[in-house]
Amino acid sequence: MSKTTYFAPHGGHPAQTEMLTDRAMFTEAYAVIPKGVMRDIVTSHLPFWDKMRMWVIARPLSGFAETFSQYIVEVAPEGGSERPEQDQNAEAVLFVVEGQVDITLQGKPYTLKPGGYAFIPPGAEWSLRNTSAANVTFHWIRKHYQEVEGLEHPQAFVTNEQDVTPIPMPGTDGAWVTTRFVDMADMRHDMHVNIVTFQPGGTIPFAETHVMEHGLYVLEGKAVYRLNQDWVEVEAGDFMWLRAFCPQACYSGGPGPFRYLLYKDVNRNVNLTLNPKR
């Protein structure tokens, strides 16, 4: 069995002699942000953070995907934050792809290494510090939590992909599996952040068309992905951003597994007004 890998961008800039050709595209139904455009010049910074930079690869846009933001955060040694989140209604998932980082979540200390996953409920107290000698890179996915009367907030938890058993899609003989970090029957959760894995030759054999918005960051491998009416080649380090009802399908051609970190909004009634207060 091949060793699990996680792609992390390192920035830099292309040489003046390189071609401009790339696979970046933004359409009415989807966007593709390839790894080649994640350079130093497009990084952002946040208040109350030290020695960090981040690539913002998704944010709410009216008429496009409206429910979430996603950052790829790089923190240098001794960097971090005691006040990482100022929005008390924001829930989050952290997923580490390179290095290791110490977090304190609701008073409990944890160390996250590659594959490390932390769910942070809205209003939770947390902080983060890189006490190692190397940079750490992680995804920070944020969403405004949608309250439902009679449901408590979901609880904070920390785990690692290696400790979660993937679930095969029925009828695929393991060619398509999903690592689910949250019980699908737990209605307290209004977002899922999973890992989807296709073995070489694995496929989504129909054009999935549904209400969920998606963010898909390719952790490993390569594939051709159907986005709306287009077949697009994607590889480790690329990000695909899909609005609701954008048709999608996939074919994993190998030679190794094709894996991506998947965000989707779930378990809530559809708002009947445009741009409701969240």
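Leaving aside its neighbours within four places in sequence, which residues is Phe 48 in contact with?

1. Phe 48 is in contact (heavy atoms within 4.5 Å) with Gly 80, Ser 81, Glu 82, Arg 83 and Gln 86, once neighbours within four places in sequence are set aside. The C-alpha atoms of Phe 48 and Glu 85, which stand 37 residues apart along the chain, are separated by 9.1 Å.

2. This is a predicted model, in which local features need pLDDT of at least 70 and side-chain atom pairs count only at pLDDT 80 or more, while totals for chains, interfaces and linings use all residues. Residues are numbered from 1 along each chain as its sequence is written, and side-chain values use heavy atoms, with hydrogens and water left out.

3. Phe 48 sits in the loop between strand 2 (30-33) and strand 3 (50-58), where strands are DSSP runs of E with at least two residues, numbered from the N terminus. Its relative accessibility is 44%, so Phe 48 counts as partly exposed, a class lying between buried (under 20% relative accessible area) and exposed (over 50%), with a 1.4 Å probe and protein chains only.

4. The chain has 21 strands and zero helices (H or I runs of at least four residues). Its radius of gyration, taken over C-alpha atoms, is 18 Å, close to the 19 Å that the globule rule (2.2 Å times the number of residues to the power 0.38) gives for 278 residues, so the chain is as compact as a globular protein of that length.

5. Of the 278 residues, 48% count as buried, and among contacts between residues at least 6 apart in sequence, 72% join residues at least 24 apart.
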